[in-house]
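Student: Could you walk me through this one, starting with how a pair of helices packs?

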Amino acid sequence: MQRYSILWADDEIDLLKPYILFLTQKGYDVTPVNSGADALEKIDEQNFDVVFLDENMPGISGLETLAQMKQTKPNLPVVMITKSEEEHIMEEAIGAKIADYLIKPLNPNQILLSVRKILDGKRLFEERTNLTYQQDFRNLSMQYTDRIGYEEWVDIYKKLIFWELEIDQTENKSMSEVMNMQKSEANSNFAKFIEENYEDWLNDPSPKAERPIMSHQLMRKKVFPLVDGSPLFFILIDNLRFDQWKIIETTLRDYFTIEEEAAYYSILPTTTAFARNAIFAGLMPSEIERQYPKLWIHDTEGDQKNDEEGLNSHEEEHLMNQIQRARLNIKASYHKILNVSQGKALVDNFNNLLQNQLNAVVYNFVDMMSHARTDMAMVKELAPDESAYRSLTASWFHHSPLLDLLKKIAEKGGRVVLTTDHGMIRVQKPVRIIGDRSVNTNLRYKQGKNLNFDENHVLVCRKPERFFLPKLNVSTAYVFTLEDYFFAYPNNYNYYVAHYRDTFQHGGVSLEEMIIPVVTMHAK
């Protein structure tokens, strides 16, 4: 077992010999010094794993010693020890990024706990995380193999994300392979659940039927009831998964109280063109096409060349139509942010937004990042796996005008509903499909006539009207890949599969794409 070295600086160091002996018996090497100057000299001569620093020493004080130590060894953990409980001393020490703060008289176990938290914290956290996950593994597996409803699936997915993020914080990530296998198994069962229930959710006329809130009901159920005299901000971050929300939630809790962290189910296909239009229109895609034919653009290769944003060029009109149908006599605004300059312009215009009862803001960065990761080797290098992809999302958010906007909302005591239109999944396995030139280019779902495909690992919709989806021809069908599968054409098959395997895609059926966050927050 590794022996750690401790430097202990105290002008009454001789009185601390019992504690030093106690730490030595526990396997730590302790070097005692009796002044701040000696401590600074020692850390230049040799490496230490942690420093115990008395605050009240003659000559250079503990706080002065701490400041000089942080200049030369900024990452060296320092535990401040003091007799004083004065608030300004604690604040100065904490501001200087101490690792811990102990108050005399000392207790041997208190010292040991502090040392272990600093030096063995990662190992102890990993051991505890792995043990607790193993205990929960069986419970989760039993839960999702039972016949359960949509609410239980949300709970299962949230638990899986919790454990994925916990395991991600461990040093060796030794349980990550088991975690990935469990997520895969859960997704397989979730796909069966969607195959059995999705059509009924949309077509069962009974008001008592159990079904989740879905894309086309989101504004009506989660946003409009909150509209009153004060400004409400509806912020939609395109392509934001639940795990990515949990990463940015940590930052937002500094400014907002989370009133409700709920989930809703994206409609199929889980794409911007279908799911987001449904959100803003408050209608299913076939209903939009029928009621507002000029505002619906078909997702075909010939029409749009897979330009997703081109398919969502009428969101503002959809939103205003939905507000009118809901008979809300309010002033509302809509803003789509595609780059940093647009984001900054919105922040600069913030005071004008306060004149509206509802401000809808769409942020497109996460979706653009997923496409860039597919097309650009450098972005794929930056985000080779789920953990790095979350980290990239966090980095963007922390330096984005979106965070500046949210801070301004918090300053004004505002309210926010934050959500997304769909998630995404890292695809691994190909499914062969053949179609004509009019078939859309999305890898997770296809629509067209005379589609020829392997029926394993796909959900087939031969009657689009049952899924409330538009159809260009009488024989139009939709097919959706399940779990982490993606469609590949036989022509140039090996190149196609190699290029798209391990990329983040959306449009199909998975926990990651369909169960998505809708969070209500108000300023602290």
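Tutor: Helix α17 (residues 365-375) and helix α19 (residues 386-398) have axes that come within 11 Å and cross at roughly 135°, where axes are lines fitted to C-alpha atoms, for helices over the stretch in contact, and angles run from 0 to 180 degrees between N-to-C directions. Helices here are DSSP runs of H or I with at least four residues, and strands are runs of E with at least two, numbered from the N terminus. This is a predicted model, in which local features need pLDDT of at least 70 and side-chain atom pairs count only at pLDDT 80 or more, while totals for chains, interfaces and linings use all residues. Residues are numbered from 1 along each chain as its sequence is written, and side-chain values use heavy atoms, with hydrogens and water left out.

Student: What does that angle make α17 and α19 to each other?

Tutor: They are therefore oblique, since angles under 35 degrees count as roughly parallel, over 145 as roughly antiparallel, 65 to 115 as roughly perpendicular and the rest as oblique.

Student: Which residues meet there?

Tutor: From α17, F365, V366, M369, S370 and R373 meet Y389, L392, T393 and W396 of α19, contact being heavy atoms within 4.5 Å.

Student: Switching topic, how many residues does the largest nonpolar core have?

Tutor: That core has 89 residues, and W153, I194, Y198 and Y265 have the most contacts inside it; a nonpolar core is a set of buried Ala, Val, Leu, Ile, Met, Phe, Trp, Tyr and Cys residues joined through side-chain atoms within 4.5 Å. Helix α7 (residues 150-169) gives the most to this core, with ten residues.

Student: And how much of the chain is buried?

Tutor: Of its 524 residues, 55% count as buried, meaning under 20% relative accessible area, with exposed over 50% and partly exposed in between (1.4 Å probe, protein chains only).
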